[in-house]
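Open the model in your viewer and keep the selection tool at hand. This tour goes stop by stop.

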Amino acid sequence: MTAHQQNRAEDRAKHRQGIRVRGRVPDRARGRTGRRAARAVRRTRVVLAAVAGLAGAVALAGCADAEVFTGGKPRSPEETIRVIPHNGAHGVRADGRFEVRVPQGRLERVEVSRTGDAGRQPVAGRISPDGMAWRPAPGRLRLGAKYTVDAVALDGAGHRSARHTTFTTAVPARRFTGHFSPQSDATVGTGLIFSMVFNRHLTDRAAVERAVKVSARPAVEIAAHWFGHRRLDFRPRERWRPGTVITVELRLRGVKAGPGAYGTQRRTVRYRVGRDQVSVIDAARHTMTVRQGGRVVAVLPVTAGDDENPTYNGKMVILERHSMTRMDGDTVGFGGEYDIPDVPHAMRLTRSGTFLHGNYWTPPEVFGGLNTSHGCVGLKDIKGGGPHTPAGWFFGRSIVGDTVVVQHSPERTVAPDNGLGGWNMPWELWRAGSALD
């Protein structure tokens, strides 16, 4: 978490207004004997199992409506969907154990991706016939790679839980590597900024920057900008033109970036820019105007951050898309104010937890009329996510790299390093961030 994100979380923590609903526990059967007492005990166990099934796993982070009620402290994520290696693990052995498992119920969906020398790639695997375990295809894990796991499970009562975890495999001694997206051959929105995050503090940033070349066809000027000593971003003066083919040449193998730190990557990545889509959210009018190729295709009612937790202003970019995910206020400084295991049609806009997502728990009249969230932007949806709801419609027409602009919110402009917020930085200031100038 960056200092900006920590300050954001501390500011929010000062204004918590969480609402709690105490969980109801079935009355104990008293004075019952024989078969009546046995049936009562069995019913109590079923109810308790259903309640436990609602307990979630580690959230993807995010925010929810300020009026969301929680049903008490959720169970530990490890008790609902267990992922080995554990979330946040570093230096995992390439021949180490890797699996996703549920102690009860069944896995509904497991999606695993790997970010490393070959960019972002899906990881093949299968769920066991009994639905209780997922394992990757035979083979070793890749060295110096970041693995991302998104799992959805159903308990015996049909309640859905979602979990998002990451772990990083070991990097050979005295080596550095950079994680980046998108993967080769992907189609992205016109707002995508190519960003690399390195696993080590790099002292010779100029040597690294010279070894990373980003070019475009048709040709445009592209400039590099460093955020600290571990993140290197590339963007043009204006957003990419539709149809542009972007080529990234990584020639980092053997490059010395500091005492004993040598690069390992050598490969070329190409991806294509698709149609141009820009969505402008007016937080004061509670609307989102969607334009494709400059033409308005929809005006959708939304609810943004409330007065105490306003949504960031400025230009943001869709970083990730999830048909369903979990959002836990405890991961972004809101304590137990909300914990929603099945947020539909979720699109991440910032690393600090701002999402544009479907919302089924808020009364319909709120959309287009009030701002009630903890900072995210909500679109009307139904439980489980509907394809024909405003949220489902927008999700189906959006891709990673699309631009989302927020206006008329009382909050400050999003920081350039919070997600892909570099479009908020003037061009000359952006170019000044190169280590070669």
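What follows is a list of selections, with a note on what each one shows.

**Stop 1: confidence**

Colour by pLDDT first, since this is a predicted model. The mean pLDDT of the protein is 84, and 79% of its residues reach 70 or more. Now select residues 1-61. There pLDDT stays under 50, and the model has 97 contacts beyond four places in sequence for this stretch. Select residues 66-74 as well. Here too pLDDT stays under 50, with 26 contacts beyond four places in sequence. Where pLDDT is low, the predicted coordinates should not be read in detail. Hide both stretches and move on.

**Stop 2: the salt-bridge network**

The whole structure holds 18 salt bridges. Select R97, E99, R101 and R135, which a network of salt bridges links. Start from E99. This residue is buried, at 4% relative accessible area. What is the gap between the closest N and O atoms of E99 and R135? They are 3.3 Å apart, and the two residues form a salt bridge. E99 belongs to strand 3 (residues 99-101) and R135 to strand 7 (residues 133-136), so the pair ties together parts 36 residues apart in sequence. R135 is partly exposed, at 39% relative accessibility. Turn to R101. It also forms a salt bridge with E99, with closest N and O atoms 3.5 Å apart. R101 is partly exposed, with a relative accessible area of 30%.

**Stop 3**

Select strands 12, 20, 17 and 14. They form an open sheet in the order 12-20-17-14, with mixed pairing. Strand 12 (187-188) and strand 14 (212-217) are the edges, each pairing on one side only. Now focus on strand 17 (residues 245-251) and strand 20 (residues 266-273). The two run antiparallel and are joined by seven bridges. Which residue of strand 20 stands opposite E249? It is T268.

**Stop 4: the largest nonpolar core**

Show side chains around F198, V248 and Y271. These have the most contacts inside the largest nonpolar core, which has 41 residues. Strand 13 (194-198), helix 4 (205-210), strand 17, strand 20 and helix 6 (427-431) are among the elements that each supply at least two residues of this core. Its largest share comes from strand 15, with five residues. Pick Y271 and list its contacts. Leaving aside neighbours within four places in sequence, they include P182, V188, F194, V245 and V248. Another core, of 22 residues, lies apart from this one; L300, Y312, A391 and F394 are among its members.

**Stop 5: E209**

Go to helix 4 and select E209. Is this residue buried or exposed? E209 counts as buried, at 7% relative accessibility. Beyond four places in sequence, its contacts include A224, W226, L232 and L436.

**Stop 6: R326 and D339**

Select these two residues together. They form a salt bridge, with closest N and O atoms 2.5 Å apart. R326 sits in strand 25 (residues 320-328) and D339 in strand 26, so the pair ties together parts 13 residues apart in sequence. Both R326 and D339 are buried.

**Stop 7: strand 27 and its partners**

From D339, follow strand 26 (residues 339-348) to strand 27. The two strands run antiparallel, with two bridges between them. R348 has F355 as its bridge partner in strand 27. Six residues lie between the strands of this hairpin, and G353 takes a positive phi near 120 degrees. Now select strand 27 (residues 355-359) alone. Five of its five residues are buried. Strands 27 and 28 pair in the parallel sense over four bridges.

**Stop 8: T311**

Finish in the loop between strand 23 (295-303) and strand 24 (314-317), and select T311. T311 is buried, with a relative accessible area of 1%. Its side chain reaches the backbone oxygen of G375 at 2.9 Å. Beyond four places in sequence, T311 is in contact with residues including A304, C376, V377, V406 and E411.

Conventions
Residues numbered from 1 in each chain as written. Predicted model: local features only at pLDDT ≥ 70, side-chain atom pairs only at ≥ 80, totals over all residues. Heavy atoms only, no water. Pairing = 2+ DSSP bridges. Buried < 20%, exposed > 50% of the residue type's maximum accessible area, 1.4 Å probe, protein only. Polar contact = N/O pair within 3.5 Å; in protein donor to acceptor, adjacent residues only side chain to side chain. Contact = heavy atoms within 4.5 Å. Core = buried A, V, L, I, M, F, W, Y, C linked by side-chain atoms within 4.5 Å. pLDDT = per-residue confidence, 0-100. Salt bridge = Lys/Arg side-chain N within 4 Å of Asp/Glu carboxyl O.
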